[in-house]
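Today I opened my notebook to look for pockets in a structure. Here is what I looked up.

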Amino acid sequence: MSALLFLSPWMVGFLVFTAWPMIYSAYLSLTDYDVINDPEFIGIENYVAMASDDKLLLALGNTAFFALLQVPLYVVVSLALALLLDRAGRASGFYRTVFFLPKMTPPVAVGVLFLLLFNGSNGIVNGALGWLGIDGPAWTTDPNWVKPGLVFMSLWTVGASVIILLASLRNVPKELYESAQLDGAGFWRQATSVTLPMISPALFFIIVVNTIAALQTFDEAYTAFFGAGNSTYSNDAALFYVIYLFQQAFEFLNMGYASAMAWLLFVVIMAITAVQLIVSRRLVYYEGDR
């Protein structure tokens, strides 16, 4: 009884703010609802309409491309920085703070910063590339470079993942490295046979969380390419799924259609996460496993 009493605030919050909105959105996905008038039941027409919505297919493609490029790069950069921090000694505390601070930057500010840094004419990124003799692309206007630019910008917030991986690296028993050295294992052999297996649970967690985040990317891209009536840039190249969902719901007031889109995204994320969980059984090592 005491346990239920302590759990009751969370249970009430879950029912009111999570379970009920999900149930109601499932109902709305079967209706024609414009917020102003009462919902009109139309069955699965919203789901049928999604199959022939070219904008939705474009948004799905943009989101998939972004996620496939961003998640591996995000993990690799996070791991590289964590490995460097692991060798920083006493200074690692200072660098942990430095790497984490960008995570505190508001996403809207990051979106504005993207336009300043990646401006094709006078942005800092192209200026730095120019010093190396490289002619930088038009990151914000060339459709082929909009999504790669947003991927690079997303690396601004790797700090949280770096700290998680650093903690995992420091929990690897030193005896394993000593045994590997006695067996003649070099750096790469130790990395693949000791380091990666021992930190695989943390890597798996970061991959799952960042995959979900990449499929729901919204703030930075919307601020940079759709905010304040922006129509001068390559909007279609930056039209991610959640941005199109937002437009349907709050700009076009197609709340029923937007609810159907939300449920499609939920199913896609659940399916991808399920595949990742199945694959993890072969690739992720847990010390308690036998």
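I started with the largest pocket, which holds about 590 Å³ of space. I noted what a pocket is: on a 1 Å grid over the protein atoms alone, an open set of points where a 1.4 Å probe fits, with protein on both sides within 12 Å along at least five of seven lines. The volume is the space filled by probe spheres set on the points, which are joined across faces, edges and corners.

This is a predicted model, where local features need pLDDT of at least 70 and side-chain atom pairs count only at pLDDT 80 or more, while totals for chains, interfaces and linings use all residues. Residues are numbered from 1 along each chain as its sequence is written, and side-chain values use heavy atoms, leaving out hydrogens and water.

Next I checked the lining, meaning residues with an atom within 4 Å of a point. The largest pocket has 28 lining residues, and Gln 70, Lys 103, Thr 157, Ala 213 and Glu 220 lie nearest its centre.

Then I turned to the second largest pocket, with a volume of about 500 Å³. Its lining has 16 residues, with Leu 83, Arg 87, Tyr 177, Phe 187 and Thr 195 nearest the centre. H10 gives the most here too, seven residues.

Terms used. Helices (H or I, at least four residues) and strands (E, at least two) are DSSP runs, numbered from the N terminus.
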